[in-house]
Amino acid sequence: MFIHRKNAFGSLMLFSFIVAAFSSLASANAKDITLERIERTNNFVIGFRSDKHPFSAVTPSGEVHGYSIDLCQGIYETLKKNLNKPDLKLKMIEVTADNRFDYINAGTVDIICSASSWTLDRQKKVSFSLLTYVTGAEMLVKDDSRIRSLKNLSGKKAGMIYGTLTSDIMTKRIKRDKLDIELVSYKYPDQGIEALENKEIDAYIADRIILIGLLDAANAPDDLKLVNRFYSYDPYALMFERQSLDFKLLVDSYLAELYRSDKSLELFNKWFSHMGIRSNENILRAMFKLQSIPE
């Protein structure tokens with residue numbers, strides 16, 4: 001009886017080993033879900049936000065452009081070469097703060113190329129590339145305002161952009177510090193700048209680089225100013241399906257190669273150099289250098 005059990009146990013162990021081996025082999029041979037979809041449909045689908053200048057925006061003529069869009073154009077060219085698909089089509093779909101994660105996980109888009117904040121909490125749902133930009137929360141106020149800090153906003157109104165990391169962080173901070181600030185949420189970034197210009201709010205809190213982009217398009221930019229104080233750390237990255245490790249390797253390989261070359265500075269100059277000292281050039285140069293991962 002003992003020998004029978006021993007043989008049965010041994011058979012069970014052998015069966016388990018074979019199943020595990022075949023499962024590992026199947027996993028190793030399984031195609032990356034994003035790359036498989038791109039190959040099968042012959043489409044590379046980019047998700048973008050239309051109101052995130054200079055990262056992604058739409059021109060009056062309807063062209064989608066921006067720093068992040070240029071990065072994803074480079075990934076598109078890499079895909080055509082690596083997949084041996086010179087006729088691969090490029091499609092663009094507008095996403096919102098509410099549907100962007102669902103669009104990734106449903107396979108509606110292959111990648112989101114905009115100003116997406118990389119957080120550990122979001123990484124539970126999606127995956128991120130190497131960093132593409134580094135910024136943080138800032139305040140924009142009227143030029144004649146004496147507001148220099150959050151404490152100066154006591155008893156006043158502050159606008160923020162709906163669905164952003166900065167909005168979440170600043171809301172928690174204001175609550176933690178028990179500050180008497182009325183928060184107004186705007187779905188679109190330009191709504192906040194308009195409210196500030198019309199004195200409907202006393203300050204506009206958002207990522208510094210987004211505020212600078214809004215200043216570029218403001219009706220009277222000289223009437224507004226930044227308080228020059230960061231309230232958070234906000235790293236940007238491209239966003240895609242969480243399990244797509246081969247696609248992530250392709251994206252990161254492209255970015256690392258870009259960061260090792262002068263092309264990264266060419267892109268910086270194209271989209272940010274006109275901002276002068278406000279562009280965080282030294283931080284971006286360090287980011288490029290630190291992420292110049294060798295082959």
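This is a predicted model: local features need pLDDT of at least 70, side-chain atom pairs count only at pLDDT 80 or more; totals for chains, interfaces and linings use all residues.
Local features need pLDDT of at least 70 and side-chain atom pairs count only at pLDDT 80 or more, while totals for chains, interfaces and linings use all residues. Residues are numbered from 1 along each chain as its sequence is written, and side-chain values use heavy atoms, with hydrogens and water left out.

**Close-up 1. Helix α3 (residues 67-82) packs against helix α9 (residues 263-271).** Helices (H or I, at least four residues) and strands (E, at least two) are DSSP runs, numbered from the N terminus. The α3 and α9 axes sit 10 Å apart at an angle of about 150°; axes are lines fitted to C-alpha atoms over the stretch in contact, with angles from 0 to 180 degrees between N-to-C directions. That makes α3 and α9 roughly antiparallel, therefore (over 145 degrees). On the α3 side look for Y67, D70 and L71, which meet L267, K270 and W271 of α9 (contact means heavy atoms within 4.5 Å). The residues of this contact split into 4 nonpolar, no polar and 2 charged (Ala, Val, Leu, Ile, Met, Phe, Trp, Tyr, Cys and Pro count as nonpolar, Asp, Glu, Lys and Arg as charged, the others, Gly among them, as polar).

**Close-up 2. Strand β7 (residues 126-135) is largely enclosed by the rest of the structure, so 10 of its 10 residues count as buried** (under 20% relative accessible area, 1.4 Å probe, protein chains only). Strand β13 (residues 234-241) runs antiparallel to β7, joined to it by 7 bridges. Opposite V126 you'll find E241 of β13.

**Close-up 3. An open antiparallel sheet has 3 strands in the order β2-β3-β4.** Two strands pair if DSSP finds at least two bridges between them. At the edges, β2 (51-52) and β4 (64-65) each pair on one side only. Strand β3 (residues 56-58) is joined to β4 by 2 bridges, and A57 stands opposite H65 in β4.

Conventions:
Angles under 35 degrees count as roughly parallel, over 145 as roughly antiparallel, 65 to 115 as roughly perpendicular and the rest as oblique. Buried means under 20% relative accessible area, exposed over 50%, partly exposed in between (1.4 Å probe, protein chains only).
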